[in-house]
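Hi,

Have a look at it first, then read on.

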Protein chains: 2
Amino acid sequence: MPRNAFYAQSGGVTAVINVSAAGVIETARQYPQHIGKLYAGRNGIIGALTEDLIDTSLESDAAIAALKYTPSGAFGSCRYKLKGFDKNLAEYERLIEVFKAHDIGYFFYNGGGDSADTCLKISQLSEKLGYPLQAIHVPKTIDNDLPITDCCPGFGSVAKYVAVSIREAGYDVASMAKTSTKVFILEVMGRHAGWIAAAGGLAAAKEGDAPHLILFPEVKFDQAAFLARVDATVKKHGYCVIVASEGLQNEAGQFLSEAGAKDAFGHAQLGGLAPLLAGIVKDGLNYKYHWAVADYLQRAARHIASRTDVEQAYAVGRAAVELAVGGQSGVMPAIVRTGDAPYSWNIGVAQLSQVANVEKKMPRDFISDDGFHITEKCRAYLAPLIVGEDYPPYVDGLPAYVQLQNTAVPKLTGREFKI
Amino acid sequence: MPRNAFYAQSGGVTAVINVSAAGVIETARQYPQHIGKLYAGRNGIIGALTEDLIDTSLESDAAIAALKYTPSGAFGSCRYKLKGFDKNLAEYERLIEVFKAHDIGYFFYNGGGDSADTCLKISQLSEKLGYPLQAIHVPKTIDNDLPITDCCPGFGSVAKYVAVSIREAGYDVASMAKTSTKVFILEVMGRHAGWIAAAGGLAAAKEGDAPHLILFPEVKFDQAAFLARVDATVKKHGYCVIVASEGLQNEAGQFLSEAGAKDAFGHAQLGGLAPLLAGIVKDGLNYKYHWAVADYLQRAARHIASRTDVEQAYAVGRAAVELAVGGQSGVMPAIVRTGDAPYSWNIGVAQLSQVANVEKKMPRDFISDDGFHITEKCRAYLAPLIVGEDYPPYVDGLPAYVQLQNTAVPKLTGREFKI
């Protein structure tokens with residue numbers, strides 16, 4: 001007898017998490033003998049806890065196919081981390097209660113490191129409680145910090161957005177530098193690792209190209225060295241383009257944007273690094289500057305998604321279902337690089353016990369000795385991930401992204417659950 | 001006998017000013033009986049004053065064609081406004097000196113309102129001094145504030161970038177709002193007019209879509225009304241997306257970003273409005289927020305240029321040369337809208353005397369009565385300008401923008417000119 005499946009999106013959404021959703025749903029529809037209905041959690045795992053399920057079987061094939069070019073989380077996502085068994089067993093028991101009520105035998109969790117941990121716990125709990133459930137994690141994070149997998153779906157598209165934007169802004173500043181802006185700073189995401197900032201480095205095809213400096217969270221900010229390098233770059237090339245990771249830290253290990261800008265902005269949320277750096281440039285060098293903060297634009301930019309990323313996002317979604325119907329649990333499809341040039345990859349299987357709570361950092365040899373750029377080794381790793389375009393359809397000049405009906409599944413547990 | 005031509009790019013560059021350059025150069029090459037060599041000013045009009053000319057005849061047809069998909073100013077631009085005859089006749093005389101030395105009979109100036117004024121003065125001076133020169137202005141400005149022409153090349157592509165970005169960010173925030181960001185603010189350019197911010201409104205196809213609020217320079221900022229509207233929007237739709245024009249002013253007519261943030265940022269340059277508004281939202285409503293500042297990314301974003309804009313940018317470049325070889329001077333090709341639905345346009349001719357020093361403002365009836373959105377009339381005007389995509393070629397995942405050789409023309413005047 002087929003059993004139903006549950007799918008949820010977790011954490012910050014990306015340009016291609018819906019591509020993975022399409023991979024899960026379309027593949028599930030190919031296995032009617034194993035999988036009955038596929039329910040999605042409205043707003044992620046919260047939808048499971050509150051029994052707020054979406055019946056994806058009511059969505060047309062065309063609507064599901066349209067997820068392949070629609071950014072964001074089509075069913076809603078959430079930032080909600082389940083605690084450990086000892087601290088909040090009630091939440092896990094509630095999940096099993098909801099799953100039982102809806103005869104859910106497959107659990108697909110689409111997220112980053114935290115949700116890999118949750119997914120592992122759920123697979124363990126189902127064993128403990130004797131409730132048969134196959135829990136498969138579907139990797140997703142723009143932070144690119146999951147272990148084992150070569151890269152994380154979502155990252156390649158942010159990487160492409162940042163590299164393209166820096167190339168374009170670099171051309172702009174170069175053409176204006178004679179009488180106007182000489183220093184341009186783009187702040188990008190990356191709280192703990194510099195993967196996204198590093199991707200900006202791909203825009204520099206040859207000596208002198210933008211970006212001229214990259215500021216990584218992995219390299220403590222040295223103001224004097226920074227100003228000296230900016231000044232030297234302006235004197236040599238006429239202008240200086242900088243990619244700065246929001247997670248840049250001072251010598252004391254504080255986020256620069258908090259340590260330096262708390263009074264100025266009146267709050268401690270990250271995202272104010274670029275104006276802070278601009279102020280440092282102005283005070284130290286008095287060059288005319290401009291700055292940009294890409295924020296959500298970078299992770300939502302489906303219009304300039306990497307085709308490689310789109311293909312990988314779909315492949316992990318499809319593989320998750322194939323692993324489940326193949327009887328596996330507590331695993332995650334992982335991207336395995338089989339060649340650099342030409343780039344080739346396939347899908348392998350990672351044990352969640354090896355994924356949960358492990359953060360993949362940028363290797364030190366991916367950052368140049370002076371700490372201000374990427375190495376050739378880093379470039380060889382990153383370059384294939386942004387290759388290819390995969391444009392959404394447009395209507396009247398705007399991308400025709402889909403909004404699903406998201407029809408609720410009738411509740412069966414007969415009780416509320418407070419989160 | 002053919003005479004040489006001079007072309008210069010002026011002011012802030014755009015995603016499509018090089019398209020106009022290609023239109024000028026390719027068309028000039030079709031009139032060898034009228035036009036000999038076409039020289040470009042290196043860094044705009046400064047190149048003419050300092051006799052730093054670029055010989056575009058040394059660029060291949062393929063390189064010139066590649067300008068059609070390359071953002072920025074291929075020859076360099078500058079922010080340098082020539083003063084009036086009375087205040088600085090020396091500069092005008094110097095221009096004529098350089099033009100004489102290089103037998104320049106055609107002057108093509110690609111810019112906004114200030115350069116239209118300069119172009120007019122040069123056409124007048126050539127008459128006064130008895131030096132035959134046909135001066136044609138080629139319209140360009142993302143500010144969309146030139147009169148007579150229906151729109152300004154460069155604007156449509158910024159408009160598309162902002163509309164696409166807001167649609168994407170809107171989807172992102174909508175899917176996260178349950179537990180995370182509820183208010184998102186995108187700051188866009190537009191110091192004196194809200195055209196670019198208005199374009200963000202195109203992303204809202206139906207009630208409830210992002211953007212929910214647009215803040216225009218034309219509408220004085222009313223903090224209480226703003227907070228009330230943000231709060232009501234979050235309560236009704238779960239989230240609120242805001243497009244804010246950098247030129248937003250307080251009741252006293254000061255730029256909000258200067259009046260409010262001078263102490264905080266330590267400088268008065270515009271571009272810090274979004275974090276300021278975010279702080280107002282936090283203090284007043286305590287919603288979790290994010291903000292982005294697009295800055296140069298918006299005007300350099302050739303990767304998502306409007307095909308309509310690209311076609312118009314080329315058409316005005318081509319028309320400029322045709323007007324010149326047709327004997328005209330002191331004029332500007334203007335885009336004439338001949339139909340809204342379906343959109344149609346052709347190229348007319350505007351007298352520079354009617355263009356110079358006239359700024360086209362957003363009509364009041366383009367802004368909704370409450371001051372927070374665009375009207376249907378505005379939508380009907382803006383919508384066609386973002387229609388169509390015109391993707392650049394990509395190599396290794398990055399747009400293959402061209403860099404010209406920009407070979408200098410030997411100097412002939414025998415004297416330096418200090419600017």
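From helix 1 of chain B the contact draws on residues including B:Val19, B:Ala22, B:Gly23 and B:Thr27. Helix 12 of chain B answers with, among others, B:Val310, B:Tyr314, B:Gly317, B:Arg318 and B:Glu322. Sorted by class, this contact of helix 1 with helix 12 of chain B holds 12 nonpolar, four polar and two charged residues. Please keep in mind throughout that this is a predicted model.

The axes of helix 8 (residues 223-237) and helix 10 of chain B come within 10 Å and cross at roughly 75°. Angles from 65 to 115 degrees count as roughly perpendicular, and helix 8 and helix 10 of chain B are therefore roughly perpendicular to each other. Here B:Gln223, B:Leu227, B:Val230 and B:Asp231 of helix 8 of chain B meet B:Ile280, B:Val281, B:Gly284 and B:Leu285 of helix 10 of chain B. Five of the residues in the contact of helix 8 with helix 10 of chain B are nonpolar, two are polar and one is charged.

Now for the two chains together. Chain B can be laid on chain A by a turn of 180° and a shift of 0.0 Å along the axis, with an RMSD of 0.0 Å. The two copies are thus related as by a two-fold rotation axis. Each side brings its share to the contact: 65 residues come from chain B and 65 residues from chain A. On the chain B side, at least two residues each are supplied by helix 6 (155-176), helix 9 (256-265), helix 10 (273-285), strand 9 (289-293), helix 11 (296-300) and strand 13 (398-399). Helix 6 of chain B gives the most to this side, with 13 residues. The side of chain B that touches chain A divides into 34 nonpolar, 19 polar and 12 charged residues. Of the interface residues of chain B, 100% are also interface residues in chain A, so the copies meet through the same surface.

Turning to the domains, chain A is divided into domain 1 (3-141 + 306-356 + 390-399) and domain 2 (155-300). The C-alpha centres of domain 1 and domain 2 of chain A lie 34 Å apart. In the contact between these domains of chain A, 10 residues of domain 1 touch seven residues of domain 2. On the domain 1 side of chain A, the residues divide into three nonpolar, six polar and one charged.

Finally, some backbone details. Most residues other than glycine have a negative phi, and most peptide bonds are trans. The peptide bond from A:Ala341 to A:Pro342 is cis, with omega near 5°, and A:Pro342 sits in the loop between strand 10 (331-340) and strand 11 (343-351) of chain A. In chain B, a cis peptide bond joins B:Ala341 and B:Pro342, with omega about 0°. A:Asp103 is not a glycine, yet has a positive phi of about 50°. You will find A:Asp103 in the loop between helix 4 (85-101) and strand 4 (104-111) of chain A.

Best wishes

Technical notes. Residues numbered from 1 in each chain as written. Chains lettered and ligands numbered in written order. Predicted model: local features only at pLDDT ≥ 70, side-chain atom pairs only at ≥ 80, totals over all residues. Contact = placed C-beta atoms within 7 Å. Helix = DSSP H or I, 4+ residues; strand = E, 2+ residues; numbered from the N terminus. Nonpolar A, V, L, I, M, F, W, Y, C, P; charged D, E, K, R; others polar. Domains from an automatic or database assignment. Least-squares fit on C-alpha atoms with pLDDT ≥ 70 in both. Axes fitted to C-alpha atoms, helices over the stretch in contact; angles between N-to-C directions. Parallel < 35°, antiparallel > 145°, perpendicular 65-115°, else oblique.
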